[in-house]
Amino acid sequence: MGARALTGRPLGARVLADSVLLLPVAVVLGLLAARSALAAGASETAIRIDLVVAWSFAAAAAVALSRPALHRVGVLMAATSATWLLGYLQFASSPLLWSAGWLLAYLYLALLTQLVLSFPEGRVWSPSARLVVSATYAAVLGTQLLIGLYEPGQRNLLLVRPDQAVADGIAQVGNAIGLAIVIALDVLVVLRLIRLRGVARRVALPLLVAALLATPLFALRSVAGMQGDFELRDRLQQVDQATQILIPIGFFIGLAWSRLRRTRASTLVVELRKGGAETLRDRLARALGDPTLKVAYWLDESGGYVDEAGHPLELPPPGDRAVTTVLAAGAPVAALVHDPALLDEPDLIESVCATVGLVLENEQLAAEVREQLAEVRASRARIVAAADDERRRLERDLHDGAQQRLVGLSLKLRLAHAGTDPATTAALTRAQDDVEEALSELREFARGVHPSVLREDGLDAAVEALARRASVPVDVSGSVGMRLSDGVELAAYFFVSEALTNVSKHAEATRATVALGRDAAALMITVEDDGVGGADRSRGSGLAGLADRLAALDGTMVVEPVVPRGTRLVARIPCGS
Amino acid sequence: MRIVIADDAVLVREGVARLLADAGLEIIGQAAEATALLRLVREHRPDVAIVDIRMPPSHTDEGLVAAREIREHYPDTAVLVLSQHLEPLYALRLIEDSPERVGYLLKERVGRLDDLVDALHRLVAGECVIDRQVVQELLGRRRVHDPLAELSPREREILELMAEGRSNQGICKALWLSPKTIETHIRNLFLKLGLNEAPLDNRRVLAVLTLLKAP
């Protein structure tokens, strides 16, 4: 991608920005330079060191270029690698090449300075850093140019007036400037290390520390040069150049470190689902290595973001903080407000966003389901309560309406006896019998609709009445001892009623027991028989309907077998008394 | 016999009044609810008050409450509670203070003039009257350890009549047996039920009912 973006630029620039071309070109050029240096009788050790360092930078550059966020750094590294061996031009016999080699021999130092002072964004950190970078370029080029004016040599095209003393003097000053620059660089790096936080610190730390480690030798070399001991200076230069390999190594360490974290990011899904005391924000902050991270949740109702406590949150303008929006099902669900350094790791951000999106979408769905469930439960409770009210009303209507009329009818039939013949009297009496039969049936029906004994005397009396009317002997133990809410009493009553009906209908039982009990939170009812068992909720609608009625009150029902034979039904109804 | 009738259903109230008047009983007042009933009782001191169990305002057990109040304050007035409920609990609540001069009949009995008049006479005579169907409801209870299982059919018959509030004499009449035979049966019966000291007349109704009520 980077290569494509740079198409149209000069070939050299294109190679420097191409992660694939870079390495072979660097190797070939390096070998060419080494051959000419060897031919000119240069030190083999020095050549080996230079090649290793130059290729290390090229390798680091190739890796950096393959990652969009590190592209600028990659270009700088490639340039450092390319300029590392420019001094070797001085082994050429051509005066032009020699002079170019002379002039650009220390350009790599300026590129190195720029690389360090702009790592990892690739943009020089600050105005003061820019000043140092500019000074370095001026110094490495200017010093060589000035010395070149006086440095005696046959291939030196820059030579104006051969004068070794002036050249040496200028070199001494140049070394002093170099010392000053390297001190300034160290100060900037240390300040940077102090100020860096979180992710950015972790990415940059190894390379910046490597730069710090490499500088003392350069300082030493500069001091030697300042004092005119050029022989010591050049010997130190070899060691100094070798230590610069620390910089690509630092780069790789930083990269590995962030890769390590990306591995952790891939386990984020597992982490985030664990829950626990840590909030989502805390877990994200840990996974991303950014303690300053904030999570803003999108609220559709208000059309804005809120923090975890639900307080409205303004997203900061771009700059100090970066904002990444988390999408779920195409709509924003949250925004991460984080350290801009994280943007250098788009993969990490992407995987975190995907995970957070999943988690938040999941939470949103779960919340919706919870809400709907609560609504359904409430409506179920209302439906049952409404049905109970209706039963109560119906029972009362039967008593006050139909029953009274039938009693009145019976009276009328009896009053009609007066003055009738025996046959008519007998017919009237039979009609009266029918009315009484109807009343009896009506009474049974009314009791099934809503037992008055439950309403007036409570559960204990009503259960006793149920036991009395059961077709098998029933023992009742325990008691409730108090009145409960209408809904609870009715549910409990129907539970016992249905359970005893089941016993007589299906169980082939010889006896049954009903146990009533209550603790602070709930009413417990157990109905047990010694029948054939096999009761389950699906058999008939009786038990299933019971379970629904109990569930409407947040109650539960358990059906379990009794050893050696029989069935036990246990109902638990919260009564909050 | 001077009677007051309380029932919020005019049809029933008027019907009962006419029926009883035709049978030669004196109806001295009618009320549609408990307060009016109590006023009638206070003013006329009737021999019997016939009271519907459900009356305004709540249509639950106002009649029962009024009955107990009448029994407490006007001991000479007997109370017959007419009820739609077969449930023995109401009958038991009526007799738990004192089983004298109180009766509990299912409402449809008002059409059976002979039964009704008989009950009224027994009440005025100081007896206790419990609807036979209510007694059967009590005795019909099947128990795991049923004390009634040991009773002979005859003894069971006598127990039912006792529970309805019949005196020994009444039982003799109903079963065509001699008082001596009845007494022997009752002694055996109480022995089997663990009620060794046989209480007199209405006391024993209470005892019997209480025994049967126990689970």
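A contact is counted where heavy atoms lie within 4.5 Å. In this predicted model, contacts of chain A between residues at least 6 apart in sequence include 64% that join residues at least 24 apart.

**Overall composition**

The secondary structure of chain A consists of 19 helices and 10 strands. Of the 577 residues in chain A, 46% are buried.

**Individual residues**

| Residue | Relative accessible area | Class |
|---|---|---|
| A:Cys353 | 12% | buried |
| A:Cys575 | 18% | buried |
| A:Pro68 | 61% | exposed |

The cut-off for exposed is over 50%, so A:Pro68, with a relative accessible area of 61%, is exposed.

A:Pro68 lies in the loop of chain A between helix H4 (44–65) and helix H5 (71–84). A separation of 8.8 Å is found between the C-alpha atoms of A:Pro68 and A:Pro346, two residues that are 278 residues apart along the chain.

**Disulfides**

A disulfide requires a pair of cysteine sulfur atoms within 2.5 Å. Under this criterion, the count over all chains is zero disulfides.

Definitions and conventions:
Residues are numbered from 1 along each chain as its sequence is written. Chains are lettered from A and ligands numbered from 1 in the order in which they are written. This is a predicted model: local features need pLDDT of at least 70, side-chain atom pairs count only at pLDDT 80 or more; totals for chains, interfaces and linings use all residues. Side-chain values use heavy atoms; hydrogens and water are left out. Buried means under 20% relative accessible area, exposed over 50%, partly exposed in between (1.4 Å probe, protein chains only). Helices (H or I, at least four residues) and strands (E, at least two) are DSSP runs, numbered from the N terminus.
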